[in-house]
Amino acid sequence: MATSEKVPAELLLAAQRTYEQARWRGALVVAWFAIPMAIVAVRGGATLFWASVNAIALMAVSAVFLWRGGAYGAAVLPGVISGAIPYLTPLLLGQRVSAIGQGNCWQTAVTLFFATGLVAGWIFSGFVFRQHAGQRSFLFAGCTVALLTGLFGCVSGGAMAVFGMLSGFAVFTAPAYLRVPSLRA
Amino acid sequence: MGAVSIDSSPAITKSEECTPQEWMLRLVRGDRSALTPLLEVLWPRVHAVALRLVRNPADADDITQEALLKLVAQIDQFDPSREVVGWAITIAVYESKTVRKRSLRRREAALEGTEERVVSGDDPEHSVLSQELERTLADVLQAMSPADAEVLRAVLREERFIEGINGATFRKRLQRAAERLRAAWRAAYGDE
């Protein structure tokens, strides 16, 4: 029988199990945000198939990062905020985005989503430099979430739009990734 | 998003200087190494409160374990502005009340159970035992006051009232009569 001062070993084991279950529960409750985002993206011109695939990927990735916690979990919200720029673009421009992607104006699609990726990358790198610890983990997790969020929007503009967004996003986040070891030291 | 924060604070290097609140915040942010120190720092405080409430070390251990497990289970709903020690103690107080109610009900059921074991059925042995029990009960009732006997006979007839007496009065009389019956039975036949 346990004494009054010492924590029983079975409590520690049970607490570890309970803690992990609680973290998963909290993560899964939050990760559902991807579903309404997918619905809105479909209304903005994204195909149901790609929006569903992207939503499942975003949900899974967000749930894992939130469960993991620390810098990974802290990066989910900034990732969503950053990715909101390319995500919202088709909603603001309406059907013109899918017309651009489906037509011959792929340069327009690339340029447009390069710009949105640029803004998203700039916003996200700002979050990275506010982070005190675990910048690499934060960068990795946030970039993944931001790109999956942005994909909802630029997938309606086609493959070239996706390429544009990725390129724009990398302009700011790649230097951040290179700077991060010096910041951590 | 209770488990998400944009700004994760700097790692605290001297772990022995952490307060329970700091351990809890680290745990909320996902630092698994904060779980054991948090439980170790909360256990004695919560256990002391539980022991004062139930006065039984075994029950106090159970209450403390239950309270700390419930605290950990609700980690995704933890409000950082709330004191973790106060929260743990609140859960322990609630658990103590549950344990006390449960022991009280167990004690009452044990007392009532000795009266309700009436053997019934077509088995000859059962009917002999049943008759013996009825004779014994009749003897004990004769030794009691007329008012007590009236109430107990009404219950044996599966009636929940006596004419001229309201429900609350009937129940009070029944409670007193049952206590006197137990005392009379023990005096006549012992505890078995």
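Let me start with one residue, B:Gln65: beyond its neighbours within four places in sequence, B:Gln65 is in contact with A:Pro8, A:Glu10, A:Leu11 and B:Trp43. So what surrounds this side chain comes from chain A as well as chain B, because the list holds A:Pro8, A:Glu10 and A:Leu11 next to B:Trp43, with contact taken as heavy atoms within 4.5 Å. B:Gln65 sits in helix H3 of chain B, and at 18% relative accessibility B:Gln65 counts as buried, because the cut-off for buried is under 20%. Please keep in mind throughout that this is a predicted model.

Now, over to chain A for a moment. Chain A has nine helices and zero strands, and along the sequence its pattern reads α-α-α-α-α-α-α-α-α. Of the 185 residues in chain A, 46% are buried. If you take the contacts in chain A between residues at least 6 apart in sequence, 80% of them join residues at least 24 apart.

Next, a helix pair in chain B. The general idea first: two packed helices are described by the angle between their axes and the distance between the axes. Here the pair is helix H1 of chain B, residues 20–28, and helix H2 of chain B, residues 35–54; their axes come within 9 Å and cross at roughly 140°. As for the hand, H1(B) passes H2(B) in a left-handed crossing.

Which residues of H1(B) and H2(B) meet? From H1(B) we have B:Pro20, B:Trp23, B:Met24 and B:Leu27. From H2(B) come B:Leu35, B:Pro37, B:Leu38, B:Val41, B:Leu42 and B:Arg45. The residues of this contact between H1(B) and H2(B) divide into nine nonpolar, no polar and one charged. When you look at the numbering, here is a reminder: an α-helix has 3.6 residues a turn, so residues three or four places apart point the same way.

H1(B) is mostly covered, with seven of its nine residues buried. The buried ones are B:Pro20, B:Gln21, B:Trp23, B:Met24, B:Arg26, B:Leu27 and B:Val28. After H1(B) comes B:Gly30, and its phi is positive, near 110°.

While we are on backbone angles, what is the phi of B:Arg55? For B:Arg55 the value is near 60°, which is positive in a residue other than glycine. B:Arg55 is found in the loop between H2 and H3 of chain B, and B:Arg55 is exposed, with a relative accessible area of 72%.

One stop in H2 of chain B is B:Ala48. B:Ala48 is partly exposed, at a relative accessible area of 37%. Its C-alpha lies 9.7 Å from that of B:Ile89, and B:Ala48 and B:Ile89 are 41 residues apart in sequence.

Now to the charged pairs. Side chains of opposite charge can pair when their charged atoms come close. How many salt bridges does a search of the whole structure find? Over all chains, the search finds five. I will walk you through some of them.

One is between A:Glu20 and B:Arg32, at 3.0 Å from N to O. This pair crosses between chains: A:Glu20 is in helix H1 of chain A, residues 9–31, and B:Arg32 is in the loop between H1 and H2 of chain B. A:Glu20 is partly exposed at 23% relative accessibility, and B:Arg32 is partly exposed at 27%.

Another joins the side chains of B:Glu95 and B:Lys70, at 2.5 Å from N to O. This pair links distant parts of the chain, with B:Glu95 in helix H4 of chain B, residues 84–116, and B:Lys70 in helix H3 of chain B, residues 57–73, 25 residues apart.

B:Arg180 is partly exposed, at 44%, while B:Asp148 is buried, at 7% relative accessibility.

Thanks, everyone!

Technical notes:
Residues numbered from 1 in each chain as written. Chains lettered and ligands numbered in written order. Predicted model: local features only at pLDDT ≥ 70, side-chain atom pairs only at ≥ 80, totals over all residues. Heavy atoms only, no water. Axes fitted to C-alpha atoms, helices over the stretch in contact; angles between N-to-C directions. Helix = DSSP H or I, 4+ residues; strand = E, 2+ residues; numbered from the N terminus. Left-handed = near helix turned anticlockwise from the far one by under 90°. Nonpolar A, V, L, I, M, F, W, Y, C, P; charged D, E, K, R; others polar. Buried < 20%, exposed > 50% of the residue type's maximum accessible area, 1.4 Å probe, protein only. Salt bridge = Lys/Arg side-chain N within 4 Å of Asp/Glu carboxyl O.
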